[in-house]
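Please keep the sequence and the three-dimensional view at hand while reading.

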Amino acid sequence: MSFAREPLPKATAIQLFKSLYLARRSEEYIVKHYPENLMRTPMHMSMGQEFVCVGVCSALEGKADVFASYRSHAAFLAQTHDTDRFFSELYGRTSGTGEGKGGSMHLAAPDQGHILSSGVVATQIPVAVGAAFANRQLKTGRTAVVFFGDGAADAGVFWESINAAALFKLPVIFVCEDNGYAVDTPREARQMSKSLSDVVKPFGADTYEDDSGDVESVYSLAKEAVAKAHRDRRPAFLNIKCCRYLEHVGIGTDWNWGYRDQATVEREWIDRDALKVQRKRLAEHQVSEAAIAAIEDEIDKAIQASVKRASQAPIPTPDRLHAGVFYEKA
Amino acid sequence: MSIAAVKPVQGTRVLSYAGALLETMDAALADHANTFIMGQGVDDFKGIFGSTTGLAEKYGAQRVFDVPLMEEGMTGVAIGASLVGDYPITTHIRADFSFLAMNQIINLAAKYRYMFGGLMRCPMLIRIVVGRSWGQGAQHSQSPQATFAHYPGLTVVMPSSSQAILDMYPAIINRHPGPVISIEHRLLYNLDFTVSPSEHRVPLTSYVARKGSDVTVVATSVMVLEALRAAQYVEDKAGISAEIIDLNSISHPDWDLVAASVAKTGRLVVADTSWLEYGVAAEVCRQLVVRDPGLLRQPPTMLGMAPAPCPTAKSLEDIYYPSQHETVDAILTQVKGDKHGIALPVERSMTEGYKRFRGPF
């Protein structure tokens with residue numbers, strides 16, 4: 001299913017391309033430099049499935065409280081575009097999102113609407129329901145969005161959260177980044193239902209399926225889902241099929257594990273990579289190759305600058321070890 | 001009833017533990033528009049043993065509401081609401097049920113401030129109630145203060161009286177910027193205490209509940225009351241002066257206060273509501289030994305639950321918990337040795353001392 005009913009405006013297409021490119025290139029930097037052992041934090045890479053977070057976060061235009069899983073990079077960058085604090089955290093510097101205490105799995109920028117990402121599967125899901133509850137009570141006009149994988153739908157708290165959001169009539173946007181695997185265990189080996197949406201629906205949520213692999217489709221779907229969720233005071237469940245290009249954790253590929261076939265993945269997913277598709281779209285919008293290259297160059301330079309700032313930022317001093325455990329002056 | 005050993009000290013009125021809870025819950029909702037209470041049964045006629053009765057009617061279902069049986073989900077909802085600016089109060093009518101929420105409490109709430117470099121504030125109050133007696137059994141009687149206090153980031157308190165609630169809850173709700181777990185005790189709910197206006201106490205730490213010079217008794221929750229009763233008994237029967245310290249804050253006790261008392265008396269009894277192994281009793285000893293192994297003149301005495309799941313048969317339940325009999329014996333033995341020869345109270349079951357306490361509830 002695809003939700004891009006008509007081509008999006010050129011400005012939106014460019015914005016989506018920029019956001020996708022930023023996430024992809026940031027992770028390509030990580031792949032290249034991780035072996036230097038200066039980013040000492042387990043990386044759960046978004047590569048390949050960035051279009052889900054980029055599509056949804058772009059559709060919310062900043063008026064969102066985003067909650068993400070340990071596969072946090074794309075969600076964080078899609079919502080904040082903040083490569084400075086992103087790389088600082090990965091390098092364990094005081095200028096990072098968690099002053100170097102959180103690492104890749106625990107990125108946060110509540111001032112920019114990325115509330116947090118959580119390292120234990122599914123734990124962030126009920127928290128997003130709580131944010132939606134408070135947003136309604138405090139009349140903030142913000143939308144709570146939670147990203148999680150299909151593995152999180154194995155967990156009881158996912159179902160508790162869907163039920164609570166429907167029961168409390170909260171417009172929570174549940175986004176399942178459905179890459180089909182919990183580490184290397186396929187969904188069929190974990191869940192009996194043919195379709196998660198079919199099970200979620202009777203709980204009282206609107207459900208949406210998307211297997212387009214296309215950022216504009218996800219963007220359009222999210223726009224529609226958010227509007228309807230607020231209008232009808234119901235949660236929305238977006239099941240977005242996607243593909244993780246790399247291994248579950250780490251920067252390598254995992255074709256040698258034998259649980260999925262490289263040629264099939266390439267044919268079904270990598271050949272229609274969302275970033276490549278979006279780049280082609282820019283050409284269709286009459287954006288010249290030189291202009292696209294200039295956009296890419298600008299983002300590359302921004303990443304390089306962020307990395308440089310991160311590597312020059314202070315490392316935490318020993319006094320920070322005990323600071324901030326409780327709510328003493330820290 | 002009033003416990004005889006608890007002398008009314010310039011009290012201005014009598015207030016039950018449940019009544020103190022209801023007053024502080026009511027005041028929290030009245031004073032802070034962002035505060036809400038949720039939990040199983042908070043809006044029904046029993047109102048968490050009378051601690052939330054009538055509040056749903058008074059403040060509306062948006063602010064005091066029942067929840068599905070989903071402890072982890074509910075706690076996550078509270079955390080999320082807290083992060084965005086609300087002040088949630090959640091309840092578990094038995095502490096045992098909070099174990100379903102451990103994932104959220106320990107993996108999230110306890111760590112958010114630290115893990116996100118101070119960006120996160122997660123102020124919330126989790127009220128959990130320890131059950132005891134009348135055949136509560138293994139899954140309705142546990143007292144997890146050591147478990148929660150073990151994890152850095154959680155503030156854990158155990159109010160032992162109506163005064164402790166009046167002192168602490170207004171200082172916690174909407175003022176303390178982190179997650180607080182208050183472990184309330186079911187046996188205390190129906191007891192009347194004399195209370196005075198809350199002005200002078202430092203709330204989130206320990207305090208001396210009774211001054212003394214011969215032996216130090218460090219106690220938690222309902223065991224503070226048991227210790228106070230025992231202290232009166234040993235004073236009357238043997239002229240012994242026991243100093244009782246209510247640990248009160250399990251995560252942030254006043255160890256200086258405890259050490260100073262033990263330095264004075266040289267003798268120690270620890271009376272806790274839970275198991276001794278890896279628990280509060282063990283921590284009290286660790287704190288003292290690390291400071292000065294010479295503080296104690298003799299080996300201390302430890303009172304807690306027997307190292308078993310809680311049995312329901314009254315004959316077993318009565319000996320599962322330390323009674324007034326054992327508490328008095330511990331104090332006498334510390335001061336006069338195990339051949340003290342002083343008659344012990346015959347009371348072997350706590351319910352005999354708490355006449356108003358009756359099941360079912």
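## Terms and conventions

Two residues are in contact, or touch, if their C-beta atoms, placed from the backbone, lie within 7 Å. Under this definition Met223(B) touches Ala271(B), Asp272(B) and Thr273(B), residues up to four places away in sequence not being counted.

The model is a predicted one, in which local features need pLDDT of at least 70, side-chain atom pairs count only at pLDDT 80 or more, and totals for chains, interfaces and linings use all residues. Residues are numbered from 1 along each chain as its sequence is written, while chains are lettered from A and ligands numbered from 1 in the order in which they are written.

## The two chains

Chain A has eleven helices and eight strands; helices (H or I, at least four residues) and strands (E, at least two) are DSSP runs, numbered from the N terminus. The radius of gyration of chain A is 19 Å, close to the 20 Å that the globule rule gives for 330 residues, so chain A is as compact as a globular protein of that length. This radius is taken over C-alpha atoms, and the globule rule is 2.2 Å times the number of residues to the power 0.38. The C-alpha trace of chain A spans about 55 × 50 × 40 Å along its principal axes. Of the 330 residues in chain A, 51% are buried. A residue is called buried if 20 or more other C-beta atoms lie within 10 Å of its own, exposed if 12 or fewer, and partly exposed in between; these C-beta atoms are placed from the backbone.

Chain B has 14 helices and 13 strands. Its radius of gyration is 20 Å, close to the 21 Å given by the globule rule for 361 residues, so chain B is as compact as a globular protein of that length. Along the principal axes, the C-alpha atoms of chain B fill a box of roughly 60 × 45 × 40 Å. Buried residues account for 57% of the 361 residues of chain B. Among contacts in chain B between residues at least 6 apart in sequence, 79% join residues at least 24 apart.

## Domains of chain B

Chain B is divided into domain 1 (14–195) and domain 2 (207–353), with bounds that come from an automatic or database domain assignment. The centres of the two domains, taken over C-alpha atoms, are 27 Å apart.

How many residues of domain 1 of chain B are in contact with domain 2 of chain B? There are 23 on the domain 1 side, and they meet 23 residues of domain 2. On the domain 1 side, α7 (145–150), β6 (155–157) and β7 (179–185) of chain B each supply at least two residues. This side divides into twelve nonpolar, ten polar and one charged residue. Here Ala, Val, Leu, Ile, Met, Phe, Trp, Tyr, Cys and Pro count as nonpolar, Asp, Glu, Lys and Arg as charged, and the others, Gly among them, as polar.

## Where the chains meet

In the contact between the chains, 32 residues of chain B meet 37 residues of chain A. Helices α4 (71–84), α5 (102–109) and α6 (112–115) of chain B each supply at least two residues of the chain B side. The largest share of that side, ten residues, comes from α4(B). The chain B side comprises 16 nonpolar, 13 polar and three charged residues.

## The largest nonpolar core

A nonpolar core is a set of buried Ala, Val, Leu, Ile, Met, Phe, Trp, Tyr and Cys residues joined through C-beta atoms within 7 Å. The largest such core has 200 residues, of which Ala128(A), Val146(A), Ile173(A), Val175(A), Leu238(A), Val217(B) and Ile331(B) touch the most other members. Helix α9 (residues 222–238) of chain B gives the most to this core, with ten residues.

Met223(B) lies in helix α9 of chain B and counts as buried, with 32 C-beta neighbours inside 10 Å. Ala74(A), in helix α3 (residues 73–80) of chain A, is buried with 29 other C-beta atoms within 10 Å.

In helix α10 (residues 255–265) of chain B, Val258(B), Ser261(B), Val262(B) and Thr265(B) are buried. They cover an arc of only 95° around the axis, which puts them on the same side of α10(B); the arc is that of the directions from the helix axis to the C-beta atoms.
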